[in-house]
Amino acid sequence: MASLVTHSVVQRTAAFAPVRPQRSVCVSVENRVAIRFQRYGRKKAPFYRLVAIDSRDRREGRPIEYLGWYDPLKKETNLNAPAIKKWLTVGAQPSDTVKNLLKKAYVIQPDAIKVDMPRVEL
């Protein structure tokens, strides 16, 4: 008897279920690659590796590719420019600090310098 009651309840809820409009299924997979630093070294002595990594991963996460390194204490850099340009053309977004470093190393074009010319009235 209990099975009849549950069966009728199922039928009743199915009969009164609201009709939902069908949605089109749109699946878009988007890999957001970032070019950023990974911090290495000891306390008060930082050392950074430049990596291409999924932007949703943590800072020490596993990178897709190592692109170089930067030592801020000695002001030394070693960059793999062709690989960095490849990632930039694919659509990877560099962090602000990495972008400044790439501009200093002329891997990407530095912003145009704005020169204000004084007005001369005739």
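**Fold and packing of the protein chain**

The protein chain exposes about 10,500 Å², of which carbon and sulfur atoms supply 54%. The model is a predicted one. Of the 122 residues in the protein chain, 25% are buried. When contacts between residues at least 6 apart in sequence are considered, 32% of them join residues at least 24 apart.

Three helices and five strands are present in the protein chain. Read from the N terminus, these elements follow the order α-β-β-β-β-α-β-α.

The five strands form an open sheet with mixed pairing, and their order across the sheet is β4-β3-β2-β1-β5. The edges of the sheet are β4 (76-79) and β5 (93-94), each of which pairs on one side only. Strand β4 pairs with β3 (residues 65-71) in the antiparallel sense, and four bridges join the two. Within this part of the sheet, Y70 has T77 in β4 as its bridge partner.

Two helices are placed against the sheet. Helix α2, which spans residues 81-90, packs on the sheet and touches β1 (33-42), β2 (45-54), β3, β4 and β5. The direction of α2 makes about 120° with that of β3. Helix α3, formed by residues 96-104, also packs on the sheet, with contacts to β1, β2, β3, β4 and β5. For α3, the angle given is with β1, and the two directions make about 90°. The edge strands β4 and β5 are thus among the strands touched by α2 and by α3.

Terms used. Residues are numbered from 1 along each chain as its sequence is written. This is a predicted model: local features need pLDDT of at least 70, side-chain atom pairs count only at pLDDT 80 or more; totals for chains, interfaces and linings use all residues. Side-chain values use heavy atoms; hydrogens and water are left out. Two strands pair if DSSP finds at least two bridges between them. Contact means heavy atoms within 4.5 Å. Axes are lines fitted to C-alpha atoms, for helices over the stretch in contact, and angles run from 0 to 180 degrees between N-to-C directions. Buried means under 20% relative accessible area, exposed over 50%, partly exposed in between (1.4 Å probe, protein chains only). Accessible areas come from the Shrake-Rupley method with a 1.4 Å probe; for residues, only the protein chains shown count as cover.
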